[in-house]
Amino acid sequence: MSGAALGLEIVFVFFLALFLLHRYGDFKKQHRLVIIGTLLAWYLCFLIVFILPLDVSTTIYNRCKLAVNSSPPENNGSYVPLAPSKPKCFKPWSYIPNGIMPIFWRVVYWTSQFLTWILLPFMQSYARSGGFSITGKIKTALIENAIYYGTYLLIFGAFLIYVAVNPNFNLQWNQLQTIGIAAANTWGLFLLVLLLGYGLVEIPRSHWNGAKRGYLLMKTYFKAAKLMTEKADAEENLEDIMEEVRKVNESIKYNHPLRKCVDTILKKCPTEYQERMGRNMDDYEDFDERQNSYPSEKSLVKLHKQVIYSVQRHRRTQVQWQILLEQAFYLEDVAKNETSASRQFVHTFQSQESENKFFQYFYTPTVEWYWECLLRPWFYRVLAVVLATFSVIVVWSECTFFSTKPVLSLFAVFIQLAEKTYNYIYIEMACFLTIFFLSICVYSTVFRIRVFNYYYLASHHQTDAYSLLFSGMLFCRLTPPLCLNFLGLTHMDATISHKHTQPTAYTSIMGSMRVLSFIADGFYIYYPMLVVILCIATYFSLGTRCLNLLGFQQFMGDSEMTSDLIDEGKELIRREKRKRQRQEEGENRRREWKERYGNREDSTRSRAVHTDQKESSFSETNTNRPLSKYTRSNGRTERDRIELLQDAEPLDFNADTVNDDPLESESGR
């Protein structure tokens, strides 16, 4: 089993990252480089979280071997091994051979740092650029990132000059590398505590509120009112941009040098606008530079960028509106079915998506009623209590993990108890649950936050390329300090435990933080205590109240604006519900009409076909008989058919004779 656990987790984490990216991104429409860059960033960050427990168990086993094989410490000994509780160390099932983990961590860490500080910012500017060629997009991305890269180079250069001039500093390359890692982790820890303080409170509270049907329904009405406003704004913005595109399309003719740029812009427009502009286009009119003023290439680049943004926003609001309608209808169905005596879940509208037959076989209406109306609220309450307990343990450990005698961090206590008995499965499970909960609190906040329309992760393939790349940057910057914080909570970091024991492979890659003592002994220890203040602020919704005062509508139960938006959303949902009911009633009437009269129509068609066959067979038999007897009657029938198709001609009253059938008279002659 040596190395098998590492290989299995590498494969599992890859498919996990691929699944999440497929949920938020669009593989068909977005650029391949954007998909690959985001997938690689997410994959490396998730991989660090899943592999770190294996590193901890392997380190504990290596410490045990050193403790057994090492001689007793001398009086002035600088190395104090852990005293084993058993004479023999048992190798864990997930043991990773020596030499693999340092190389693995080095590759993963420096690749993620290259992505977050160099490649992903460049790809952000490239993806959002409105250039019409690869060279133009690269030029725009370099110009936009010149200030970004120049600032870091300026700070790093000033630091190097200070170190070279000051004789008290004698830093080597390894120490400079450690200082760079410490600077990146300090920035990440600053953001980590902010996101962690929000997630520790909001995740348990959201699950507790998830058990309240009335609360969820009111919040859905509130979201519907806000989303309708955003949807109308997106439609209006798209109309304005399409009007500018129409003017540019009419002014720049087929033989203009910038016509290719206009065609590229038209391809990004919705189909209905393309057809409308194509009908109004006159390709036979040449352009005249002296007669009209034409837009420049720079203005077309700006227009191209606006078209991409407005189309993406319009599509996203349309999809989100349909999803929100389904959610509102379902919550209303749950509220109605709670008082059902038959204990079978009845849907107002059938699901538009085809469900799996295997799932339908087990998830019957009765099972659905028991789950939605009875079991699910209690399940969410129990889960909320468990998550709240974990949050309290994390907050307590964040405030006390620097204490080694006595050990106050509960996570460190759990790991040390398991370390005495060398229960590696318990150690790995405890480490995995701890770091997994911390990751959920941080990463879920990254998925929830929204910075206007600048950064927003929308599910159902509605996230733009800029937001995907920005999320990859955040993950790569938050994951290393998150892992260091986890090692500090469990006292696996020698900087925190103050023990001269073998460090984990991950800590050895980070380097000794003793190079910067004010960061190792100050910021890393006392700054995480700020999470208590952030948790209190999140519990009393201070941030939500501040945003509400600034004019950004937030869901607050005691606000008059919230009540007005809830009423507005309820009316919007009721209107959409009536509209869908009328559509379904019309479809049902057409279906019933087809089922009722479809057989009659089929039988009528069959009788008509049978009659035609009889007539054709009768005509065939007549052709074999002498035609002289029936020549006049057949000719008259044919002339009657011709008369029905001809226009009536005026009669000549001056003629000698009036013949009813001019064709017959002609045949008589």
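This is a predicted model: local features need pLDDT of at least 70, side-chain atom pairs count only at pLDDT 80 or more; totals for chains, interfaces and linings use all residues.
This tour moves from the whole protein chain to selected aromatic residues.

Residues are numbered from 1 along each chain as its sequence is written, and side-chain values use heavy atoms, with hydrogens and water left out.

**The whole chain**

Begin with the protein chain in a cartoon view, where 22 helices and two strands are found. Helices (H or I, at least four residues) and strands (E, at least two) are DSSP runs, numbered from the N terminus. Of the 669 residues, 38% count as buried; buried means under 20% relative accessible area, exposed over 50%, and partly exposed in between (1.4 Å probe, protein chains only). A surface view shows about 39900 Å² of accessible area, 60% of it from carbon and sulfur atoms, as computed by the Shrake-Rupley method with a 1.4 Å probe.

The whole structure holds 31 aromatic pairs. Rings of Phe, Tyr and Trp (its six-membered ring) pair if their centres lie within 6.5 Å; planes under 30 degrees apart count as stacked, over 60 as edge-to-face and the rest as tilted. Select Phe-432 and Phe-436: the ring centres are 5.4 Å apart and the planes stand at 20 degrees, so this pair is stacked. Both residues belong to helix α13 (residues 424–448) and are four residues apart, about one turn of the helix. Phe-432 is partly exposed at 24% relative accessibility, and Phe-436 is partly exposed at 35%.

**A tilted pair between two helices**

Next, select Phe-447 and Phe-475, whose ring centres are 5.8 Å apart with planes at 50 degrees, so the pair is tilted. Phe-447 lies in helix α13 and Phe-475 in helix α14 (residues 465–489), so the pair ties together parts 28 residues apart in sequence. Phe-447 is buried, with a relative accessible area of 16%, and Phe-475 is buried at 0%.

**Charges over rings**

Finally, select Lys-137 and Tyr-126: the charged end of Lys-137 sits over the ring of Tyr-126, 5.6 Å from its centre. A charge sits over a ring if NZ of Lys or CZ of Arg is within 6 Å of the ring centre and within 35 degrees of the ring normal. Then select Arg-580, which lies over the face of Phe-349, at 5.6 Å from the ring centre.
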